[in-house]
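This briefing goes through selected features of one structure, topic by topic. Please keep the sequence and the 3D view open while reading.

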Amino acid sequence: MDGVLLICVMILTLAVQAIFSQRKMVIIFIGATVSVTLSVTVGHQTMKSIYANVPWEVLAILIGLGIFSSLMAKSGLFDVLAVLASRVSRGSHLLIIIMFSSIMFFLSGILNNLTALLLLLPVLISILNCLGTSQKFIALCFSLIIVACNLGGASTPIGDFPAILLMGTGSIAFVKYLFIAFPICLLLFLVILLLSVPYYQMKTKMNIGKVESSIGLSVLRELYRNLRIKKSLLFAGLLTFLIMFSLWTFGSKIGISPDIVCFLGIGPLLLLYNSEGEDIIKNKVDFETILFLACLFIMVSCMAGSGILNFIAISMSNYIRSPQMLIFMLMIGTGISTSIFSAGPSMATMLPIAQQVILQGGFPADVVLVGIALSVCAGSSLFLTAATAGPLSQNMIEKSKLTTQDGEMAKFDLMAYLRFGLVYFVIIQLVAVFFVLFNL
Amino acid sequence: MGAEHSNLSLTELNTKTILKTTSVAEPELGHFSTSLVVYQTVYELLGSHFSSEVARILGNDLPLYDEINRTQLSPNEILSTIKENLGMMFDELQKYERIIFVGIESIIIDNFVAALPEATFYLISHSDMVNKERLLANFSTNVSLASVRDITILGGPNSILFSYIFCQTQEQTALVYPITIRAIGVDVRQLYSQVIGLNILPPYKRYLHKMSEISSTDQFFTKQYQVI
């Protein structure tokens with residue numbers, strides 16, 4: 001009974017926060033409060049057991065990686081990379097798309113999506129401002145950036161929340177995830193990039209003259225004329241990353257969990273760059289997201305404690321006899337729920353169910369869990385509002401007052417993205433499903 | 001120079017695109033520096049003859065480009081002239097701790113910052129459209145942005161103030177950034193040991209977009225230096 005109530009509270013909370021996203025923090029707090037009250041009073045759970053089931057280590061990793069991303073951003077490497085990309089493009093819009101989406105893919109695999117976007121988009125917007133652009137080009141370019149961001153995030157265990165959740169909770173080993181997810185995500189990115197080329201040629205090709213594009217590039221060079229890389233910070237960051245990478249890979253053999261690795265890496269780096277670190281902790285760490293996820297985890301913990309998730313998994317296994325169909329339904333369900341409720345809520349809710357399904361059916365956990373993470377990636381790419389990357393890009397374009405060659409204000413909204421989002425969703429979801437079913 | 005590109009068609013030159021590009025640069029580079037970048041690019045791409053052709057096409061919309069072209073100097077000659085002329089001031093400027101620029105002309109400020117690393121620089125932008133982070137990323141930590149309101153606080157015997165004068169005629173009328181008029185009043189002049197006008201491209205008289213005309217430069221500046 002309490003389990004049914006808790007699941008209703010969860011669904012209602014997720015739906016209301018998706019509709020009234022301006023008040024999502026209040027809504028999620030109310031949802032968590034109601035869930036805890038119900039669990040303690042009706043469900044006879046204790047606060048201790050509810051807290052015990054919250055994956056605090058995932059939140060610790062998120063904070064640690066957030067600090068690391070912000071510190072690396074201060075090294076200036078990524079601004080230099082972006083400007084270099086614009087120079088190498090020699091004013092070709094097609095090359096700009098290819099290079100920026102590729103940088104975004106690899107950057108999102110290491111840094112969090114928010115930081116990756118905040119680093120690259122201002123430079124990209126400046127480039128388009130200087131070289132000229134059109135509404136159609138903006139739609140293609142930023143859609144590709146968003147899907148590259150989502151795929152890059154899904155390609156490594158530290159790139160985005162779903163993968164961090166899998167690694168942080170010990171559901172999958174760091175290397176295992178990397179070896180399975182990275183090649184698929186890279187392949188998916190390349191396929192999408194290849195499909196974008198003929199679309200660009202047919203629909204959005206920009207015809208900018210040699211003189212105009214040369215002036216655009218010269219102006220850009222002057223605007224970013226003295227960019228410098230803070231080498232000591234960059235090297236310290238790279239060394240830290242290498243140490244963390246090694247410990248994530250081999251640490252489990254000596255009993256070091258991924259969250260401890262994060263502390264071990266970020267701690268000395270913060271000590272070394274304490275002034276920057278103080279500023280980052282005070283102003284750059286996304287505590288809003290951390291609090292949002294903490295509330296969400298509390299709600300999931302309440303549900304798990306009531307036994308409802310177990311019940312759902314057993315029922316699914318009983319009603320859907322074919323293992324292929326069961327996994328298919330789970331993945332599609334994850335993809336669609338992500339597109340509506342966004343990646344965090346969807347992954348946090350679906351993971352315990354997936355784990356139960358894996359347990360009931362004796363499926364290969366690594367393959368199914370990567371499949372679930374890819375489904376989250378597919379769902380994140382369906383609507384502009386489904387992941388952090390979409391609304392942030394939209395917001396940055398609006399604030400930048402980027403204009404097209406016709407003098408119109410650049411627009412990148414839900415409808416401009418939708419046609420691309422649909423294609424991305426279908427491609428990623430299909431590949432994910434085929435990959436998992438093939439390996440069952 | 002640029003002979004291999006001389007077959008490029010100038011009749012199809014898209015003025016709108018070029019003006020859009022320059023409008024992005026002007027808040028952070030300055031009007032003169034932006035025009036100089038355009039001139040340098042066209043000159044290197046098409047050569048001096050075509051540069052004059054471009055000046056004919058762009059002249060009305062980008063008058064400073066036209067004025068730069070009329071100097072008949074190559075971009076390198078212009079850059080070395082600027083460096084040489086500014087260099088004559090630097091010895092005298094060593095004694096100042098604070099150097100304040102009203103308006104931004106990157107080509108000038110870059111020379112100052114390189115020559116006077118001990119000084120602290122404050123830039124008061126001539127535009128609201130400036131991307132502060134990008135602008136400051138080009139300088140070391142001794143350069144920061146200030147607002148017009150700070151100009152009195154920054155004054156003192158160790159402070160010197162610079163701004164720009166464009167197209168000054170023999171009758172002393174000239175064009176300046178509107179921010180110069182707002183920032184440099186009688187009270188401000190008394191607070192600074194010197195208020196220097198950096199004279200750019202005299203003596204041509206023509207209307208420059210987004211600039212304000214002043215009837216006498218003497219009422220704003222205690223001293224003037226010719227930049228180019």
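Is B:Glu92 buried or partly exposed? B:Glu92 is partly exposed, with a relative accessible area of 31%. The model is predicted.

**Interface of chain B and chain A**

- The contact involves 24 residues of chain A and 27 residues of chain B.
- Between the two chains an area of about 2,400 Å² is buried, and carbon and sulfur atoms give 64% of this area.
- On the side of chain B, the residues that lose the most area to chain A are B:Lys20, B:Arg134 and B:Asn138, which together make up 26% of what that side buries.
- There are 13 residue pairs in polar contact across the interface, counting pairs with both residues at pLDDT 80 or more.
- Helices H1 (15–29), H2 (31–46), H6 (106–115) and H7 (132–137) of chain B each give two or more residues to the side that touches chain A.
- H1(B) gives the largest share of that side, 9 residues.
- Sorted by class, the side of chain B that touches chain A holds 13 nonpolar, 8 polar and 6 charged residues.
- The count of salt bridges between the two chains is 1, and B:Asp110 and A:Arg225 meet in a salt bridge through their side chains at 2.6 Å, N to O.

**A:Glu222**

- A:Glu222 sits in helix H11 (residues 210–223) of chain A.
- With a relative accessible area of 24%, A:Glu222 is partly exposed.
- Leaving out residues up to four places away in sequence, A:Glu222 touches B:Leu29, B:Val37 and B:Asn138.
- A:Met303 is 81 residues from A:Glu222 along the chain, and their C-alpha atoms are separated by 57 Å.

**Salt bridges within the chains**

- Side chains of opposite charge can pair when their charged atoms come close.
- Over all chains, the whole structure has 9 salt bridges.
- A:Lys74 and A:Asp279 are joined by a salt bridge between their side chains (3.3 Å, N to O). A:Lys74 is in the loop between helices H4 (56–73) and H5 (77–89) of chain A, while A:Asp279 is in helix H14 (residues 274–283), 205 residues apart.
- A:Lys74 is partly exposed at 25%, and A:Asp279 is partly exposed at 28%.
- A:Lys176 and A:Asp366 form a salt bridge, with the closest N and O atoms 3.9 Å apart. A:Lys176 belongs to helix H10 (residues 174–204) and A:Asp366 to helix H19 (residues 365–380) of chain A, so the pair ties together parts 190 residues apart in sequence.
- B:Lys223 and B:Glu92 form a salt bridge, with the closest N and O atoms 3.7 Å apart. B:Lys223 is in strand S8 and B:Glu92 in helix H5 (residues 75–93) of chain B, so this pair ties together parts 131 residues apart in sequence.
- B:Lys223 counts as partly exposed, at 32% relative accessibility.

**Strand S6 of chain B**

- Strand S6 (residues 192–200) is largely enclosed by the rest of the structure, because 8 of its 9 residues are buried.
- S6(B) runs parallel to strand S4 (residues 156–166), joined by 8 bridges, and B:Ile160 stands opposite B:Gln194.
- S6(B) also pairs in the parallel sense with strand S8 (residues 223–226) over 4 bridges, and B:Asn199 stands opposite B:Gln226.

**B:Asn142**

- B:Asn142 lies in the loop between H7 and strand S3 (143–146) of chain B.
- B:Asn142 counts as buried because its relative accessibility is 16%, under the 20% cut-off.
- The side chain of B:Asn142 reaches the backbone oxygen of B:Ala119 at 3.0 Å.

Terms used
Residues numbered from 1 in each chain as written. Chains lettered and ligands numbered in written order. Predicted model: local features only at pLDDT ≥ 70, side-chain atom pairs only at ≥ 80, totals over all residues. Heavy atoms only, no water. Buried < 20%, exposed > 50% of the residue type's maximum accessible area, 1.4 Å probe, protein only. Contact = heavy atoms within 4.5 Å. Pairing = 2+ DSSP bridges. Buried area = accessible area lost by both parts, 1.4 Å probe. Salt bridge = Lys/Arg side-chain N within 4 Å of Asp/Glu carboxyl O. Polar contact = N/O pair within 3.5 Å; in protein donor to acceptor, adjacent residues only side chain to side chain. Nonpolar A, V, L, I, M, F, W, Y, C, P; charged D, E, K, R; others polar.
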